[in-house]
Amino acid sequence: MKFRFASIAACVLFSFAAMSQNGDDNVIFREFERNYDSLLQGHYMKMNAKLLGKSLNYKTDTFVPAHRACDVSDSVFARRLRSIPSVVPLTYNDKVRANIIYYIDRIGDRVGVMLGLSKYYFPIFDEILDKHGVPCELKYLVVIESALNPKAVSRAGATGLWQFMYATGRMYDLRVNSIIDDRMDPIKATEAAAKYLKDLHKIYNDWTLAIAAYNCGPGNVNKAMKRSGRNDFWGMYDYLPKETRGYVPAYIAAAYVMNFHSEHGIYPAKLTKPLTLISDTIMLKRDLYFGQIEGVMNISTEQLRELNPQYKTDFVPGEQGKYSLKLPLRYINDFIALEDSIAGYERDKFFASDDKKTELAEGDIEYKERVIYHKVRKKDSWYSVAKRYGVSVSQLKSWNPKARKSQKLRVGDMLAIRQKQAFKKEVQPPQDSTYMATNQEKSIVSSDNQAIDNRTSAQQIQKSSDGKKQKQAVVNHKVKQGETVVKIAKRYGVSVEQICKLNNMTLKAASKIRVGQTLRVK
């Protein structure tokens, strides 16, 4: 027994001594643990709290001689690393050994969670990396970068699974604004990471140096290369930034642990996580809030956030184009069938800051009837469905004659709901020679010789009594949450091109308008 505890103490001392020789490792491990702690705050991780508590406990479970990494000889570690299929050289030395011991003997329970999450994420990474001709083993970078946490944010501001800084992310077409952060999108961020790593490899023709440059930037690698006179990682090791010195050994250790975890008694946590189910992505054409999807389809907002971490405000600006939504596969067909109903669900509540918030005179409003559908869920009743959509039970039954024959609703049935939607009346211009037709493609000149777009409203361009034309009043609009340039153009009865022209914007710039921005619309 005394020998056993002496062996344990020796392992711990070796681990800390090896790490103290290059304190740069501590930065990486501190960031890893911070990202992991943040991961546990997620919806699904909280759901699995009890299960995770029963998984590997490294404080006791790893005190088994056959499992402890510190009891494994250097020759065994080196042999195992050589057996891993890898284009990236997996060099073994004391720095790599210290990292392996850290992963297995100190945070084995967390490695189990990483292994559980990898069942969902690694197939995504493998497909994208392979498509771009990047070694699939580079997926292990995500273990040390973010602890497989798509919402990880470093102290320096690097974000997402692949920890992109803002500038680098924009270089690789990752959108970052007040609504969306593509750095948190597992698919788009992996596409960007594959392109970035491939570009770095073109510079150095060496994957290990590409990994180092991914961490500290090619500028720092070039400086180390120049000062050391070497063009290999281990040759320029002492000239690299401290964190980068520990980054490559940590990567090699992560590759070891993800392949040889079972030799140390560490197994994937069996997470009861819907993410492990088959999911699919669809492109949206409507602006939607997660709350609208939850209200109609009974998918919780927390689930939607977990599947779509890139949307910062639970809002998908589908009308702006190229915005996607990931859903469990079993919901895809229902979503497509119910998309109109979802878009109309409690629209006044979710889009309160949009054009409907603007008060109109009653005479300026006309109502049009439309039909939306509700899919009956467990515990739904005639009363609960009627109350949800603000109609009476008798109305609901009259719209669904087949379903009303039954006292109880059947799960899966589709109920029709008729709703009136308010629209601003279209005003027809008088047929008078003093008005200019709105569809003419020509311009007129005002009294101060300024050109005015002839597509403006007919009521705003009249000839004055002295035969001159009045100057059009300038109309400005302050952009509100959820608004797009298309929506603003429709509201004021103008074209997107006209708004671009009045604000000296390109179409691309118009698609990126910000909340609070003031636009001239007339």
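Predicted model: local features only at pLDDT ≥ 70, side-chain atom pairs only at ≥ 80, totals over all residues.

Let's start with helix 13, which covers residues 242-260. Its partner here is helix 11, residues 207-216, and the two axes lie 9 Å apart at an angle of about 130 degrees.

Zoom in on where they touch. Helix 11 brings Thr208, Ile211, Ala212, Tyr214, Asn215 and Cys216, while helix 13 answers with Glu243, Thr244, Tyr247, Val248 and Tyr251. Sorted by class, the contact between helix 11 and helix 13 comes to seven nonpolar residues, three polar ones and one charged one.

The structure has one cavity of 30 Å³ or more, and the largest cavity holds about 40 Å³ of space. Around the largest cavity you'll find Phe32, Tyr103, Val111, Met114, Val143, Ala254, Val257 and Met258. Two elements, helix 7 (108-131) and helix 13, each supply two or more of the lining residues. Which helix gives the most to this lining? That's helix 13, with three residues. The lining of the largest cavity is made of eight nonpolar residues, with no polar and no charged ones.

Now follow helix 7 to its other neighbour on this tour, helix 10. The axes of helix 7 and helix 10 come within 9 Å and cross at roughly 40 degrees. That angle makes helix 7 oblique to helix 10, and helix 7 passes helix 10 in a right-handed crossing. On the helix 7 side, look for Tyr121, Ile124, Phe125, Ile128, Leu129 and Lys131; they meet Pro186, Ile187, Thr190, Glu191 and Ala194 of helix 10. The class count for the contact of helix 7 with helix 10 is eight nonpolar, one polar and two charged.

Helix 10, residues 186-204, leads on to an open space as well. This helix gives the most to the lining of the second largest pocket, with five residues. The second largest pocket has a volume of about 870 Å³. It is lined by 31 residues, and the closest to its centre are Asp173, Arg175, Asp182, Tyr323 and Lys512. What classes make up the lining of the second largest pocket? The residues split into twelve nonpolar, six polar and 13 charged. Compare that with the largest cavity, whose lining has no charged residues.

One last stop is Phe350, which sits in helix 17 (residues 347-350). Leaving aside residues up to four places away in sequence, Phe350 touches Tyr289, Gly291, Gln292 and Tyr345. Take Gly291 from that list: Phe350 and Gly291 are 59 residues apart in sequence, and their C-alpha atoms are 8.1 Å apart in space.

Definitions and conventions
Residues numbered from 1 in each chain as written. Heavy atoms only, no water. Axes fitted to C-alpha atoms, helices over the stretch in contact; angles between N-to-C directions. Helix = DSSP H or I, 4+ residues; strand = E, 2+ residues; numbered from the N terminus. Contact = heavy atoms within 4.5 Å. Nonpolar A, V, L, I, M, F, W, Y, C, P; charged D, E, K, R; others polar. 1 Å grid on protein atoms, 1.4 Å probe; cavity = no way out; pocket = protein on both sides within 12 Å on 5 of 7 lines; lining within 4 Å. Points joined across faces, edges and corners; volume = space filled by probe spheres on them. Parallel < 35°, antiparallel > 145°, perpendicular 65-115°, else oblique. Left-handed = near helix turned anticlockwise from the far one by under 90°.
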